[in-house]
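Reader: I would like to learn how to read a structure residue by residue. Where do we begin?

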Amino acid sequence: MAEFLPELLAPAGGMEQLEAALMYGADAVYLGGRELSLRAQCAGFDGEALAGAIRLAHAAGARVYYCLNAFPYDRQLHDVHALLEHLPELGVDGLIAADPGVIWLASRLCPSVELHLSTQAHSVNAAAVEFWRAQGLRRINLARELPLPAIRALIRAFPEMEFELFVHGAMCLALSGHCLLSAWANNRPANQGRCTQPCRFDYRARAVRGGRAGAALPVPHNDQRWTRHPEARGMLLSTEEALRTGKPFWDVREGEDFSGIWAPQDICLVRYMDWLARSGAASLKLEGRTKSGGYVGQVVDVYRAALDRAGLRHGLVRRSAAGPANGCAGAAEQRSGTQADRPLSPADCVAELLHTASRPLSTGFFFPRRKVESVPEDFIPRPVVARLLAPAEGPLAVSADEARHATFHPGAGLAAPCGGWHVQVRAEWTADRDVSILLPGMRRPVLRAGSYVLENHRGEKTDRLHPGTTGILRGTLPPLAYGLYLRA
């Protein structure tokens, strides 16, 4: 009997993100409403939109987990009751919760819905797993600061439980009282009563080095204008703490203007997919419900490709029937051997993820010593510039939503080659740039500058398209599909 790969679980903060996750090969998605899901910034799904999202995901063979992982106050319990009672008829495959009260209510109001424990519940030991198992939970999303040996021990100790691991995305230094700042800085976790309170330390600049010209820069104390100095971008500010002078404590890399001194690195475990695929974990989770569809599509694509190739190496198969929603991801090709035979190294995966990264990528707490991904000196991140809407057989006479309803059908496959596509423009796009088409399976055919033509929404040739507009891409194009992204 074949063993199974872990599920690839992707965020779906809105309809476009859901479509991107399905398009690029997620086995399951997690989503929430506009309230009580810890992501007030994302569009979310309510009412008929939620029902439609679930139907769409199920049509693609993907599972749907609903997030109700906030800690509600008494005044919100009426809404919690109403939502829980409604979940079974919607057909969600699981409920993600953290608050004990919500879990208790769910066990009574929707007992047929599988219960998953959110990472907000901060599960780090076997006693906690035993407790939550006794409460009827099926799956536990382990705390993000657990190291590999602890993860391995819990998975082996509870073979009847499902464990979910965050493998990519943001890490929080402080949430709901579970501050990780001391653990990150001094390896003294606040959750064990060992907080050194680095958030209250006094800091000063110790040295400034780097920058575009590599020259030393002054650090004036009363002049804010220096942050906009033309040589400031990329410089490194090393700080020291008052009681431990003489050695660096935090390093802050200057961006275009302001820098986030408290922002930790993003976790990125794609290099360790061979171990993760065989770890016994039920699900590998990607963070990012507030991220764009372009971000979700690229990250899902990389992890799908890496996971599938690990499966081929170790004789593991996908548990679900989920595949590319438009028949163009790597799953079908994996089975036929045509796409999976293409060499794909961990370095290739990291290089692709660097295009999506807004912070350094590292192993977080997975290993005793963090491993930070280095960025090549000549690396230039290339943004998603557009999303495909519909073949350009004439003017785009429908809205983006209407284009989706007309063309996004799970399993429909790629459209026949045509001479052009209507696009939604996401970033400034000039016709003198090469364009990569982000095909699932980490295939990246390139349209060279000069081999394609841009037109505005009126069908007039132009050398530049602006974000927030629609336009037309014309040229000799391969078979494509609604919802694919372009990067330039």
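Predicted model: local features only at pLDDT ≥ 70, side-chain atom pairs only at ≥ 80, totals over all residues.

Reader: Where is the place of V64?

Author: V64 sits in strand 4, which covers residues 63–67.

Reader: Which residues is V64 in contact with, leaving aside its neighbours within four places in sequence?

Author: The list runs V29, L31, I54, A57, H58, V92, D93 and G94. V64 and L9 are 55 residues apart along the chain, yet 9.3 Å separates their C-alpha atoms.

Reader: What about the chain as a whole?

Author: The chain has 488 residues, and buried residues make up 51% of them. It holds 12 helices and 25 strands. Consider contacts between residues at least 6 apart in sequence: 70% of them join residues at least 24 apart.

Reader: Next, helix pairs. At what angle do the axes of helix 1 and helix 2 cross?

Author: Roughly 10 degrees, and the axes come within 10 Å. Helix 1 spans residues 15–23 and helix 2 spans residues 47–59. Angles under 35 degrees count as roughly parallel. Helix 1 and helix 2 are therefore roughly parallel to each other.

Reader: Which residues meet there, in helix 1 and helix 2?

Author: From helix 1 come M15, L18, E19 and L22. From helix 2 come A53, L56 and A57. By class, this contact of helix 1 with helix 2 has 6 nonpolar, no polar and 1 charged residues.

Reader: Now helix 3 and helix 4. Are they roughly parallel or oblique to each other?

Author: Start from the angle. The axes of helix 3 (residues 77–90) and helix 4 (residues 100–109) cross at roughly 40 degrees and come within 9 Å. Helix 3 and helix 4 are therefore oblique to each other. An angle alone leaves out handedness. Helix 3 passes helix 4 in a right-handed crossing.

Reader: Which residues in helix 3 and helix 4 meet?

Author: L77, V80, H81, L84 and E85 in helix 3 meet V102, L105, A106 and L109 in helix 4. By class, the contact of helix 3 with helix 4 has 7 nonpolar, 1 polar and 1 charged residues.

Reader: Is Q424 buried or exposed?

Author: Apply the 20% cut-off again. Q424 is at 17% relative accessibility, so Q424 counts as buried. Q424 lies in strand 17. A polar contact of 2.7 Å joins its side chain to that of R426.

Reader: Last, a loop. Where does C418 lie?

Author: C418 lies in the loop between helix 12 (400–407) and strand 17 (420–425). Not counting residues up to four places away in sequence, C418 touches P391, G475 and L477. The C-alpha atoms of C418 and L480 are separated by 8.7 Å, with the two residues 62 apart along the chain.

Notes:
Residues numbered from 1 in each chain as written. Heavy atoms only, no water. Axes fitted to C-alpha atoms, helices over the stretch in contact; angles between N-to-C directions. Helix = DSSP H or I, 4+ residues; strand = E, 2+ residues; numbered from the N terminus. Parallel < 35°, antiparallel > 145°, perpendicular 65-115°, else oblique. Left-handed = near helix turned anticlockwise from the far one by under 90°. Contact = heavy atoms within 4.5 Å. Nonpolar A, V, L, I, M, F, W, Y, C, P; charged D, E, K, R; others polar. Buried < 20%, exposed > 50% of the residue type's maximum accessible area, 1.4 Å probe, protein only. Polar contact = N/O pair within 3.5 Å; in protein donor to acceptor, adjacent residues only side chain to side chain.
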